[in-house]
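Hi everyone, thanks for making time. Let me put the sequence and the model up on the screen, and then we can walk through the contacts together.

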Amino acid sequence: MASAEHMKYRKMEFQPNVPDTLFSEDEIELLVTYGSWLAALMRGAISPETPAQERFVEVCNGNKNPESQFEKVWAKYIKRKIWESENPDYVGKQEADLLVNLGITGRGWGVYGHFK
């Protein structure tokens, strides 16, 4: 059973603001449903409680390649958000605010981002 802290983030709806031409309906649904929780794991706001969550954090830190559906969709999402941060003329205010909330500011990002 997930801790109360994990459940708090699991209950939060996430607004990924990604083009449906680049993300499938299933990928967007995964992000809407689990994005707040995945972002909290990535940022270290909550600690991993399972081996799968530990692996997810390792993927976010660039130490492992994404394999699970969660890892692949989140890596794709972060790559997109990194692209948006590097192309400010493309990004609108709502997306720019999301980038800041995810901790994506400035340049120098790796494939999976710099998450601390």
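Let's start with the contacts of H6, where contact means heavy atoms within 4.5 Å. Leaving aside neighbours within four places in sequence, H6 is in contact with W37, L41, I46, S47, E49 and Q53. H6 lies in helix 1; helices here are DSSP runs of H or I with at least four residues, strands are runs of E with at least two, and both are numbered from the N terminus. Is H6 buried or exposed? With 2% relative accessibility, H6 counts as buried; the cut-offs are under 20% relative accessible area for buried, over 50% for exposed, and partly exposed in between, using a 1.4 Å probe and protein chains only. The side chain of H6 also reaches the backbone oxygen of S47 at 2.7 Å.

Before I go on, a word on what you are looking at. This is a predicted model, so local features need pLDDT of at least 70 and side-chain atom pairs count only at pLDDT 80 or more, while totals for chains, interfaces and linings use all residues. Residues are numbered from 1 along each chain as its sequence is written, and side-chain values use heavy atoms, with hydrogens and water left out.

Now, the aromatic rings. How many aromatic pairs does a search of the whole structure find? It finds 7. Rings of Phe, Tyr and Trp (its six-membered ring) pair if their centres lie within 6.5 Å; planes under 30 degrees apart are stacked, over 60 edge-to-face, and the rest tilted. One of the pairs is F14 with Y77, edge-to-face at 5.7 Å centre to centre and 70 degrees between the planes. F14 lies in the loop between helix 1 (4-10) and helix 2 (25-43), and Y77 in helix 4 (residues 69-86), so this pair ties together parts that are 63 residues apart in sequence. F14 counts as buried at 7% relative accessibility, and Y77 counts as buried at 0%.

Next come Y34 and F70, with ring centres 5.0 Å apart and planes at 75 degrees, so that pair is edge-to-face. This pair links distant parts of the chain, with Y34 in helix 2 and F70 in helix 4, 36 residues apart. Here Y34 is partly exposed at 25% relative accessibility, and F70 is partly exposed at 28%.

F14, F56, W74 and Y77 form one aromatic cluster.

Two of those names come back in the core. A nonpolar core is a set of buried Ala, Val, Leu, Ile, Met, Phe, Trp, Tyr and Cys residues joined through side-chain atoms within 4.5 Å. The largest one has 21 residues, and W74 and Y77 have the most contacts inside it. Helix 2, helix 3 (51-60) and helix 4 are the elements that give two or more residues to this core. Which helix gives the most? That is helix 2, with 8 residues.

Some rings also have a charge over them, meaning NZ of Lys or CZ of Arg within 6 Å of the ring centre and within 35 degrees of the ring normal. The charged end of R10 sits over the ring of W37, 4.8 Å from its centre. K76 lies over the face of F23, 4.6 Å from the ring centre.

Last, K72, which is in helix 4. K72 is partly exposed, with a relative accessible area of 49%. Not counting residues up to four places away in sequence, K72 touches P66 and E67.

Conventions:
A polar contact is a pair of N or O atoms within 3.5 Å; within protein, one must be able to donate a hydrogen and the other to accept it, and residues adjacent in sequence count only if both atoms are side-chain atoms.
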